[in-house]
Amino acid sequence: MLKLITSLLLLFMVRPVASQLYLQKEPFAHTYSIVARDPDTGEMAVGVQSHWFSVGTAVSWGEAGVGVIATQSFVNKSFGIRGLELLKNGKTAEQALKILLKSDEGREVRQVAIMDARGNVATHTGENCIKYAGHQQGDNYSVQANMMLNKDVWPAMAAAFEKSRKLPLAERVLIALEAGEEAGGDIRGRQSAALLVVKGKPEENPWNDPMIDLRVDDNEEPLVELKRLLKIYRAYEHMNKGDLAVEVGDMSLALQEYGKAESMFPENLEMQYWKAVALANNDRLEEALPIFKRIFRENENWRELTERLPEAGLLDLKKRELKKVLKLK
């Protein structure tokens, strides 16, 4: 009986403490991630993958001209907002990390990495993070992981990131995540991933920050899907550049940019359609007609949309020209 009472007392003594620290209030986002900076552009990024739903809503934080933060393991989400605010107020990454951990009773089950806009990086892996857990810092980056299958995950991420210096930052971050997965990854498998990229200087228009914010919340191959989304993002970058070139009357550059976008996703009707519209608006209707024709055959709704564009000021054709487009078979 005495042993039973003692066991019950211990149970009730331990459970509230565990609950207060990390079970009830905080996501169970055991994961691996990277925070990184491109010294040439100043861009900063967070990349993460986990066997946890919608990991990007908890782990990755960033602000242009301020810094990026990955907070994981038993996640203290306040580290994201509070950490960025500390950086904005002039604290270095190391100073911000010390302040956050000092006030956190659950620091030994936390894992967090902070990078400021100057490239300073600070990382913490609590002693009670579930093994295998650890981190590795390098020039303008830090990789960190917990609950991994083995100890090879974060060193593999670091090596892959360092070997891909010639690529854009977002692509380098993805390569690091892929290397972590290939080395063993999360012991439970994979479910979600996210990629966040912010500019190195403060964004004049806050609504344009972050510059890249891609999330895969639930997928059997989240990194594969994240890579596909990044490729789409790059394709639409070319589309936007093409539109800007049209605005200044540089059709040669516009067609070059549209062509790059189409080569990345040749089946995308949206990209083909707006290229045709741009051609038509620049007295090159004959070049646009076969494109319109091909699109209308795929989906009649594009024909209906074309009829509506002149009223919105998006298609500048004479009535006979518009009729010629709409009658395409």
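Where is the place of Pro210? In this predicted model, Pro210 sits in the loop between S10 and S11. The peptide bond that leads from Asp209 into Pro210 is cis, with omega near 5°. A cis peptide bond also joins Lys131 and Tyr132, where omega is about 0°. Tyr132 belongs to the loop between strand S7 (121–125) and S8. Most residues other than glycine have a negative phi, and most peptide bonds are trans.

Positive phi values occur at several loop positions. Ser54 has a phi near 55°, a positive value in a residue other than glycine. The loop that holds Ser54 runs between S3 and strand S4 (60–63). With a relative accessible area of 7%, Ser54 is buried. Asn140, likewise not a glycine, has a positive phi of about 65° and is found in the loop between S8 and strand S9 (141–145). Asn140 counts as buried because its relative accessibility is 10%, and the cut-off for buried is under 20%.

The strands S8, S9, S2, S3, S10 and S11 are arranged in that order in an open sheet of 6 strands with antiparallel pairing. Strand S8 (134–138) and strand S11 (212–216) form the edges, each pairing on one side only. On average, neighbouring strands of the sheet are turned by 5° against each other, direction ignored. Strands of a sheet pair through backbone hydrogen bonds, either parallel or antiparallel.

Within this sheet, S3 (residues 44–50) is joined to S10 (residues 192–198) by 7 bridges, and the two strands run antiparallel. Across this pairing, Gln49 stands opposite Ala193 in S10, and Met44 stands opposite Val198 in S10. Strands S2 and S3 also pair in the antiparallel sense, over 7 bridges, with Ile34 opposite Gly47 in S3. S2 and S3 form a hairpin with 6 residues between them. In the turn of this hairpin, Gly42 has a positive phi of about 85°.

In a regular strand the side chains alternate between the two faces of the sheet. In S3, Met44, Val46, Val48 and Ser50 point one way, whereas Ala45, Gly47 and Gln49 point the other way, and all are buried. Since 7 of the 7 residues of S3 are buried, S3 is largely enclosed by the rest of the structure.

Helix H5 (residues 169–182) touches strand S2 (31–37), S3, S10 and S11, and its direction makes about 155° with that of S2. Helix H6 (residues 222–247) packs on the sheet as well, touching S2, S3, S10 and S11. The direction of H6 makes about 150° with that of S11.

The largest nonpolar core has 31 residues, of which Phe292 and Val325 touch the most other members. Helices H6, H7 (251–264), H8, H9, H10 and H11 each supply at least two residues of this core. The largest share, 8 residues, comes from H8. Leaving aside neighbours within four places in sequence, Phe292 is in contact with Tyr273, Ala276, Val277, Ala280, Thr306, Val325 and Leu328. Another core, of 28 residues, lies apart from the largest one, and its members include Ala45, Ala145, Met157 and Leu177.

Helix H10 (residues 301–312) has 12 residues. From its first C-alpha to its last, H10 reaches 17 Å, close to the 16 Å expected at 1.5 Å a residue. The buried residues of H10 are Trp302, Arg303, Thr306 and Leu309. These four residues lie on the same side of H10 because they cover an arc of only 105° around the axis. An α-helix has 3.6 residues a turn, so residues three or four places apart point the same way. The buried residues of H10 pack against helix H8 (269–281), helix H9 (285–298) and helix H11 (319–326). The face of H10 turned away from the buried side carries the exposed residues Asn301, Arg308, Glu311 and Ala312. Just after H10, Gly313 takes a positive phi of about 80°.

Conventions: Residues are numbered from 1 along each chain as its sequence is written. This is a predicted model: local features need pLDDT of at least 70, side-chain atom pairs count only at pLDDT 80 or more; totals for chains, interfaces and linings use all residues. Side-chain values use heavy atoms; hydrogens and water are left out. The expected span of a helix is 1.5 Å times one less than its number of residues. Buried means under 20% relative accessible area, exposed over 50%, partly exposed in between (1.4 Å probe, protein chains only). The arc is that of the directions from the helix axis to the C-beta atoms. Contact means heavy atoms within 4.5 Å. Two strands pair if DSSP finds at least two bridges between them. Axes are lines fitted to C-alpha atoms, for helices over the stretch in contact, and angles run from 0 to 180 degrees between N-to-C directions. A nonpolar core is a set of buried Ala, Val, Leu, Ile, Met, Phe, Trp, Tyr and Cys residues joined through side-chain atoms within 4.5 Å.
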